[in-house]
Amino acid sequence: SNKVLPPLNICVNTCEYPYVYVDTDANFCVQICNRNYKYTFNEDMTCLSDCNSNNLYEIGDSKQCIRVCNIHSDHPYKYDNKKCVSSCNGSTFPFYSYDKTQCVVSCSSIGGYAYGNTNECVDKCQGTYPFVIKDTDQCVSNCGSLKLVIEDTNEPGVCYNECPITLPFILSYNNQCVSSCTSVSTLYTYINMVNNTCMLSCSKD
């Protein structure tokens, strides 16, 4: 449709320099986007009321709209599907998705795991942090005071608060839950019946 081109207010098909933007409300050619249409979409040189309602992302707080966040730019991460940001931080969406394209509220919300104390999500716990805490979906270097359960012999293991009923005994040297004290180790075969711990002898671990 025709646009009004100042200063003579003539009708044109395309806005011309220096009035390069189209105020979509008035169909008027303008130098800068202002009034109620302060957001700029450079792809078709239009002024918009906001980016999100037009299925676009705002680049930071620039009032510049873009179709997708550019992973090679200074603002590569999608934040709450509304903005492209330079980094994931703050309390709302502090984690990086494991494909490093968006900020997420938690790693478990995308089926991933928090890698150690970083704010990066991974799809598998490995390397420095090979174990996963069941309750928090966090990758850790070891289970600490939690109980270690080997659910898959090809995986390091999962950390639980308590051993499952099917694995009621605990190896004293690594807190691993086992079905019996002889099922894994040939050394830790003595049982402390107070806490179901498999021990090296009755006098010491």
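Predicted model: local features only at pLDDT ≥ 70, side-chain atom pairs only at ≥ 80, totals over all residues.
Colleague: How many strands does the chain have?
Modeller: Helices (H or I, at least four residues) and strands (E, at least two) are DSSP runs, numbered from the N terminus. The chain has zero helices. Its strands number 22.

Colleague: What is the radius of gyration of the chain?
Modeller: The radius is taken over C-alpha atoms, and the globule rule is 2.2 Å times the number of residues to the power 0.38. A compact globule of 205 residues would come out near 17 Å. Along the principal axes, the C-alpha atoms fill a box of roughly 100 × 25 × 25 Å. The radius of gyration of the chain is 29 Å.

Colleague: What share of the residues is buried?
Modeller: Buried means under 20% relative accessible area, exposed over 50%, and partly exposed in between (1.4 Å probe, protein chains only). The count runs over the 205 residues of the chain. The buried share is 36%.

Colleague: What share of the contacts joins residues 24 or more positions apart?
Modeller: A contact means heavy atoms within 4.5 Å. The share is taken among contacts with a separation of 6 or more. Residues 24 or more positions apart account for 26%.

Colleague: How far apart are the centres of the positive and negative side chains?
Modeller: Lys and Arg count as positive, Asp and Glu as negative; His and the chain ends are not counted. Each charge is placed at NZ of Lys, CZ of Arg, CG of Asp or CD of Glu. The chain has 13 positive and 20 negative side chains. The centres of the two sets lie apart by 3 Å.

Colleague: How many disulfides does the structure hold?
Modeller: A disulfide is a covalent bond between the sulfur atoms of two cysteines. Here the test is a pair of cysteine sulfur atoms within 2.5 Å. The disulfides number 10.

Colleague: Which parts does the pair Cys-15 and Cys-29 tie together?
Modeller: The sulfur atoms of Cys-15 and Cys-29 are 2.1 Å apart. Their link is left-handed, with -80° about the S-S bond. Cys-15 lies in the loop between β2 (10-12) and β3 (21-23) and Cys-29 in β4 (28-30), so the pair ties together parts 14 residues apart in sequence. Those parts are the β2-β3 loop and strand β4.

Colleague: Which cysteine sulfur is nearest to that of Cys-202?
Modeller: Cys-202 is exposed, at 65% relative accessibility. Cys-202 is in no disulfide. The nearest cysteine sulfur is 11 Å away, in Cys-181.

Technical notes: Residues numbered from 1 in each chain as written. Heavy atoms only, no water.
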